[in-house]
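Thanks for coming, everyone. Please take a look at the sequence and the model on the screen. I will go through a few features one by one.

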Amino acid sequence: MTILPRQSESRLSRQRIGRANSPAFLKPILRLKGQIRFNGKKSYEDFKIRIISATVAEPKKREIKVTVPYRNGSIDLSDYDGNFYFDDTEVSYKMFVSDTEPVTLLRRIEKIKSWLCEAPQQNIYDNYSENYHFVGKCRTVETNLGEDDITATLEVTFDVAPYKVSDDFADPA
């Protein structure tokens, strides 16, 4: 007696992942439509990447301290001119990508990495910050392949300026 693999299992890995034929654990992820625009391309429209979450780190206030010879302690010049200054911060996006075959998924991930990592510092637009954008460049793209070899999550981290820029430059702040 020969035992054949069930057809539904063998076909699942070859079918295109979509709303109708996707496994139940993927359906909440497939509803996400957020995207970033960077380096002339959009993550969802050009690469079919879905954003799972976005994290913006709080910028740290820059401390400017000077030590003077023959004096105890230091002098804090952080607010010398009445203004405070901040260091650069980071923005991270957790993204989901899928494909029909493991080989094509790996090719897509390489294209995504070259799109993000080869770009110089420029504007980063996302659906989470209406009327504002970040200015920065990609620092890292970490890839975690799914157990099924046709899905992956990407953790993309950008080094950005400590403030958002207004899209219409009308914001007086």
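Six salt bridges turn up in a search of the whole structure. Keep in mind that this is a predicted model.

Start with aspartate 87 and arginine 62. Their side chains form a salt bridge, 2.8 Å from N to O. Where do the two sit? Aspartate 87 is in the loop between strand S5 (75–76) and S6. Arginine 62 is in the loop between strand S3 (50–56) and strand S4 (65–66). That puts them 25 residues apart, so this pair links distant parts of the chain. Aspartate 87 is partly exposed, at 31% relative accessible area. Arginine 62 is partly exposed too, at 36%.

Next, a network. Salt bridges link Glu90, Arg139 and Asp159. Take glutamate 90 and arginine 139: the closest N and O atoms are 2.2 Å apart. Glutamate 90 belongs to strand S6, arginine 139 to strand S8, and 49 residues separate them. Now aspartate 159 and arginine 139: here the closest N and O atoms are 3.0 Å apart. Aspartate 159 lies in strand S9 and arginine 139 in strand S8, so this bridge ties together parts 20 residues apart in sequence. How exposed are they? Glutamate 90 is partly exposed, at 30% relative accessibility. Arginine 139 has 42% and is partly exposed. Aspartate 159 is partly exposed, at 32%.

Stay in strand S8 for histidine 133. Is histidine 133 buried or exposed? Buried, because its relative accessible area is 3%, under the 20% cut-off. Its side chain makes a polar contact of 2.6 Å with the side chain of aspartate 167. Histidine 133 also touches other residues, including Asn123, Tyr125 and Lys164.

On to helix H4, residues 102–117. H4 has 16 residues and spans 22 Å from first C-alpha to last, close to the 22 Å expected. Which residues of H4 are buried? Leu105, Arg108, Ile109, Ile112, Trp115 and Leu116. They sit on the same side of H4, because they cover an arc of only 120° around the axis. The face turned away from that side carries exposed Arg107 and Lys111. Among the elements covering the buried residues are helix H3 (43–47), strand S6 (89–98) and strand S8 (132–145).

Last, confidence. The protein averages a pLDDT of 81, and 78% of residues score at least 70. Strand S9 (residues 151–160) is highest, with a mean of 95. Helix H1 (residues 7–12) is lowest, at 37. Across residues 1–31, pLDDT is below 50.

Definitions and conventions:
Residues numbered from 1 in each chain as written. Predicted model: local features only at pLDDT ≥ 70, side-chain atom pairs only at ≥ 80, totals over all residues. Heavy atoms only, no water. pLDDT = per-residue confidence, 0-100. Helix = DSSP H or I, 4+ residues; strand = E, 2+ residues; numbered from the N terminus. Contact = heavy atoms within 4.5 Å. Expected span 1.5 Å × (residues − 1). Buried < 20%, exposed > 50% of the residue type's maximum accessible area, 1.4 Å probe, protein only. Arc of directions from axis to C-beta. Polar contact = N/O pair within 3.5 Å; in protein donor to acceptor, adjacent residues only side chain to side chain. Salt bridge = Lys/Arg side-chain N within 4 Å of Asp/Glu carboxyl O. Lists of a residue's contacts leave out its neighbours within four places in sequence.
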